[in-house]
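Let's take a walk through this model together. Keep the picture open beside you and look things up as we go.

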Amino acid sequence: MKKGLILGVLVAAVAFGAGTYFGRSGKQDLTISSSTSGASYSGGFKADAATKPEGVIRSVAGPAPTNIVVVKDGESIQAAIKAAPKGTIVRVMPGTYHETVYIDKDDIRIIGVIEEGRRPVLDGQKKLNDAILYSGNNFVAENLEIRNYKGNGIMGQAGNNFEIRNNVIAESGVYGIFPQLGQNGIVEHNVVSGIADAAIYIGMSDNILVAHNDVFDSVAGIEIENSRHAIVENNYVHNNSGGLLAFVTPGLPIKDTVDVIFRNNFVVGNNHPNFGAPGSTVSGIPAGTGILIMAADDVVVESNIISDNKVAGMIITDHANASNITADPESDPNSDRVKILDNVMLRNGYDTIPEAKALLLADGKVGRKNLDIVRVGPSPGSCIVNRHQYITAGVDDFAECDFTNTAATVNYLLPPVPPREIKPGERGKVVYLGICTGCHTYNGRMIGPPVQVIQALYMDNPQGLADFIAKPTKKRDDYPEMPPQDYLDPETRLAVAQYMLQVTN
Amino acid sequence: MLSSLSRLIDVMSAMADSSRERTAADRRLERIVRASWLGAVLFMCSAASLAAEGDKLFASCIACHGSKGEGNAALNAPAIAGQDAAYVERQLLNFRNRRRGTHKSDVFGAQMQAAATVLPDDTAVAKVASYVASLPKNVIAKPATGNLHNGKNLYNGKCGACHGGVAEGNQALKSPRLAGLDATYLKLQFAHFRDGVRGTDPQDTPGRQMAMMAKTLPAERDIDDIIAFIHQQGRPK
């Protein structure tokens, strides 16, 4: 009797699976596209006539300064920068430097000199918070090795026209390379590892190229967040918890992420256990995610090799379905117009999460051992080519893309753009945008506590907040310690405290 | 002491004087309530007058909060065992100094306001708070239901920065433990903060901070979801 029942169930399951398979394959004609022919995506950024570049741009920081100073082992990089006029190349010789370097002048280049493999090493000894903080424009950092900082490797604070290349950054806090609120920047040929949030984090920035980086052993590999017009190409992104991410983090002053191209990257084996602080946004990334698109619009995924990511090769989601996200009424929560072109996807989703399994079942895909692409939440206007190649859940209703490649879009870089305009009285706002929102969103937990909570704690006490900013004390076991912002002068600290206490989203 | 006693009796009388139509059964019930309250108060007074250590002072609390401080949902008395001593002390002082439990909508707060005045002095308050904090935490509150995905996200976004990732509380931020508290109590206190019943006194800074946060969460459904998440914390897995 029991055997008969099992046999009956088996027959029913096989019949259901076969019916689903043949039913679908019978209904849908196979549309096969080659990425070497067909129309090209024209990109989402059009430079106006005045700034339209002639030819391919490989540099954005303008002409190299002629003034050169040399810093040797045992000397201070910061002292050299303090003494230098704007428009200086600071050559740093091999050696070990225990310091934080602040750059608030324009046209400063910190160029490491590598001698027979020996680099200048900035070592924070797990005592210092940041290796390099720049707010000047036309900033270049090259050939440095950065280790053992608690906060950031290299962080930009509203500086435009930046170039960060050929650096090795390891075990350096929550962000390895983090240009915040910058326009027109290049991050290339860096080796970044062991970062507790994003190894490369492009935050609230525009016109960005992230290329040829080797990024591994971090929670998030390369993250394009609340940013517009970014190309992420030719990177090797492996053994992070999540590989490539295009995100809208709710509660930041810039409310969208639009026009991101992920192309020609190796996104391999991103299965590192997630070691982000529990409850933080980044800790919500399922370990084993190749590419994650959350609430970002017009993300193109083309010609990547995406393999061996155990949860899925690619997850497309919205704010409502994501973990550790508090919705922002001013942000569109959905990933609109995702465009999945030809990619190589192998052995993804072999140990996926129950939610993804349920979505596979909902699509009638019984018994699949792998999962390449999973979509949850609305994703209007999205398209895909060669869908038959992939094991998917939730993308059957994607349209066929009317282009097959992005060859017509070389990059989104511009000739040097003017510095960000700061109106009188806006100092507090710019510091809030350029510094505070790197870790604090208005209404959710990113790295530090939400701004709403800070407003409640310091409601009528801006001076108290300004004092805390200068010399923070650890108050929360499950949050990283806040780095002191005492490089800002007291008036600026008070201005940003006042701004923070009245901002409304 | 006498003035405290008479105030407490006044409060009890006010509570018993409900506006609904009174029946014989009601009057009987009222007599029982009066008698039992009077008994409890006399017991409190005698305990307090001993001015003994915290455990003896705690005898005045057990009628409502339970002998182990486990709380009693039927009496709207929250679980207090293992709660942060500084928080308990601050709340007792708030009650005694009429910074809490004086709003006309806060009937249960009024009971506690009266009960807190029975303690002889601030030293006794500190002792009993310290004793309450030393009691082993025990979770008897019934699990609450709600959307845990939404509750967890909102808890992390709105509450966890002060009350801790697992609702364990944070003394450095003057935030009490929420894990193990009864859903009805949590919801009522939240509403009090939100609606200007609690956390309005200029000297109650932590209360005012909480009131400001409470106003950022207007949807009742979200509160239920957050409470469901809180109820998952501190339980044996």
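Two residues are in contact if their C-beta atoms, placed from the backbone, lie within 7 Å. With that in hand, look at where chain A meets chain B: 20 residues of chain A and 17 residues of chain B take part in the contact. On chain A's side, these residues split into eight nonpolar, eight polar and four charged. Keep in mind that what you're looking at is a predicted model.

Now stay with chain A and find its sheet. Eleven strands make up an open sheet with parallel pairing, and their order is β4-β7-β10-β13-β16-β19-β22-β25-β28-β31-β33. What stands at the edges? That's β4 (101–103) and β33 (392–393) of chain A, and each has a single partner strand, so one side of each has no neighbour in the sheet.

Let's zoom in on one stretch of that order. Strand β13 (residues 175–180) of chain A pairs with β16(A) through three bridges, in the parallel sense. Here Gln180(A) has Gly203(A) in β16(A) as its bridge partner. Moving on, β16(A) is joined to β19(A) by five bridges, again running parallel, and Ile200(A) stands opposite Ile222(A) in β19(A). Ile222(A) also stands opposite Leu244(A) in β22(A).

Is β16(A) enclosed or open? Six of its six residues are buried, so β16(A) is largely enclosed by the rest of the structure.

Next comes Met204(A), which sits in the loop between β16 (198–203) and β17 (206–211) of chain A. A residue counts as buried if 20 or more other C-beta atoms lie within 10 Å of its own. Met204(A) has 23 of them within 10 Å, so Met204(A) is buried. Setting aside neighbours within four places in sequence, Met204(A) is in contact with Gln180(A), Leu181(A), Asn226(A), Ser227(A), Leu252(A) and Ile254(A).

Finally, hop over to chain B for a pair of helices. Helix α8 (residues 148–163) of chain B packs against helix α11 (residues 220–232) of chain B at an angle of about 90°, with the axes 7 Å apart. α8(B) and α11(B) are therefore roughly perpendicular to each other. Among the residues making this contact are Leu154(B) and Tyr155(B) of α8(B), and Ile226(B) and Phe229(B) of α11(B). The residues of this contact come to eight nonpolar, three polar and three charged.

Methods. Residues are numbered from 1 along each chain as its sequence is written. Chains are lettered from A and ligands numbered from 1 in the order in which they are written. This is a predicted model: local features need pLDDT of at least 70, side-chain atom pairs count only at pLDDT 80 or more; totals for chains, interfaces and linings use all residues. Axes are lines fitted to C-alpha atoms, for helices over the stretch in contact, and angles run from 0 to 180 degrees between N-to-C directions. Helices (H or I, at least four residues) and strands (E, at least two) are DSSP runs, numbered from the N terminus. Angles under 35 degrees count as roughly parallel, over 145 as roughly antiparallel, 65 to 115 as roughly perpendicular and the rest as oblique. Ala, Val, Leu, Ile, Met, Phe, Trp, Tyr, Cys and Pro count as nonpolar, Asp, Glu, Lys and Arg as charged, and the others, Gly among them, as polar. Two strands pair if DSSP finds at least two bridges between them. A residue is buried if 20 or more other C-beta atoms lie within 10 Å of its own, exposed if 12 or fewer, and partly exposed in between; C-beta atoms are placed from the backbone.
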